[in-house]
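Please examine the chain shown below and its fold.

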Amino acid sequence: VFPLFLLAVGISAALVADRAPAPGVPRILRRAALLFGIGLALGWCLRPTFEPEQLRLMGVLQRIAIVYAATAIACRSIGGGVRLLLLASAVLLLHG
């Protein structure tokens with residue numbers, strides 16, 4: 001199920017980049033940081049502790065935040081045809 005969430009985040013970032021003016025990098029990073037923080041907070045609610053080694057840094061929402069930031073910045077800075085070519089190449093390389 002998790003890879004489908006990542007796919008949905010990547011596709012939605014690409015679709016929004018084609019229709020609306022792309023948000024600035026600070027706004028993208030703010031959204032990603034907010035998602036990351038919500039993931040940390042939810043993880044802490046499941047296991048409330050103040051020991052840093054017990055805190056799960058790379059949960060599901062944290063990984064989705066990283067993918068969102070990477071795809072939104074890539075979609076903002078790369079043109080349509082090149083973006084499609086890079087996406088197809090990445091899928092072929094990572095499919096392995």
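The following questions and answers concern a predicted model.

Q: How many helices and how many strands does the chain have?
A: Read along the sequence, the elements follow the pattern α-α-α-α. The count is accordingly 4 helices and 0 strands.

Q: What percentage of the 96 residues in the chain is buried?
A: A residue counts as buried when its relative accessible area is under 20%. Among the 96 residues of this predicted chain, the share of buried residues is 16%.

Q: Among contacts between residues at least 6 apart in sequence, what percentage joins residues at least 24 apart?
A: The contacts considered here are those in the chain between residues at least 6 apart in sequence. Of these, the share that joins residues at least 24 apart is 68%.

Q: Are helices H2 and H3 roughly parallel or roughly antiparallel to each other?
A: Helix H2 spans residues 25-46 and helix H3 spans residues 60-77, and their axes come within 8 Å. The axes cross at roughly 170 degrees, and angles over 145 degrees count as roughly antiparallel. The relation of H2 to H3 is therefore roughly antiparallel.

Q: How many residues of the contact of H2 with H3 are nonpolar?
A: The H2 side of the contact includes Val 25, Ile 28, Leu 29, Ala 32, Leu 35 and Phe 36, while the H3 side includes Leu 61, Gln 62, Ile 64, Ala 65, Tyr 68 and Ala 69. Of the residues in this contact, 2 are polar and 2 are charged. The number of nonpolar residues is 17.

Q: Which element gives the largest share of the largest nonpolar core?
A: This core has 8 residues, namely Val 9, Ile 28, Ala 32, Ile 64, Ala 65, Tyr 68, Ala 69 and Ala 72. The elements that give two or more residues to the core are H2 and H3. The largest share, 5 residues, comes from H3.

Q: Is Ile 28 buried or exposed?
A: Ile 28 is placed in helix H2 and belongs to the largest nonpolar core. Leaving out residues up to four places away in sequence, Ile 28 touches Pro 23, Tyr 68, Ala 69, Ala 72, Ile 73 and Arg 76. Because its relative accessibility is 1%, Ile 28 counts as buried.

Q: Which residues does Ala 69 touch, not counting residues up to four places away in sequence?
A: Ala 69 is one of the residues that H3 brings to the contact with H2, and Ala 69 is also a member of the largest nonpolar core. With residues up to four places away in sequence left out, Ala 69 touches Ile 28 and Ala 32.

Q: What is the C-alpha to C-alpha distance between Leu 7 and Ile 64?
A: Leu 7 is found in helix H1, which spans residues 2-19, and has a relative accessible area of 48%, so Leu 7 is partly exposed. Leu 7 and Ile 64 are 57 residues apart in sequence. In space, C-alpha to C-alpha, the two residues are apart by 9.7 Å.

Note on methods. Residues numbered from 1 in each chain as written. Predicted model: local features only at pLDDT ≥ 70, side-chain atom pairs only at ≥ 80, totals over all residues. Heavy atoms only, no water. Axes fitted to C-alpha atoms, helices over the stretch in contact; angles between N-to-C directions. Parallel < 35°, antiparallel > 145°, perpendicular 65-115°, else oblique. Contact = heavy atoms within 4.5 Å. Nonpolar A, V, L, I, M, F, W, Y, C, P; charged D, E, K, R; others polar. Buried < 20%, exposed > 50% of the residue type's maximum accessible area, 1.4 Å probe, protein only. Core = buried A, V, L, I, M, F, W, Y, C linked by side-chain atoms within 4.5 Å.
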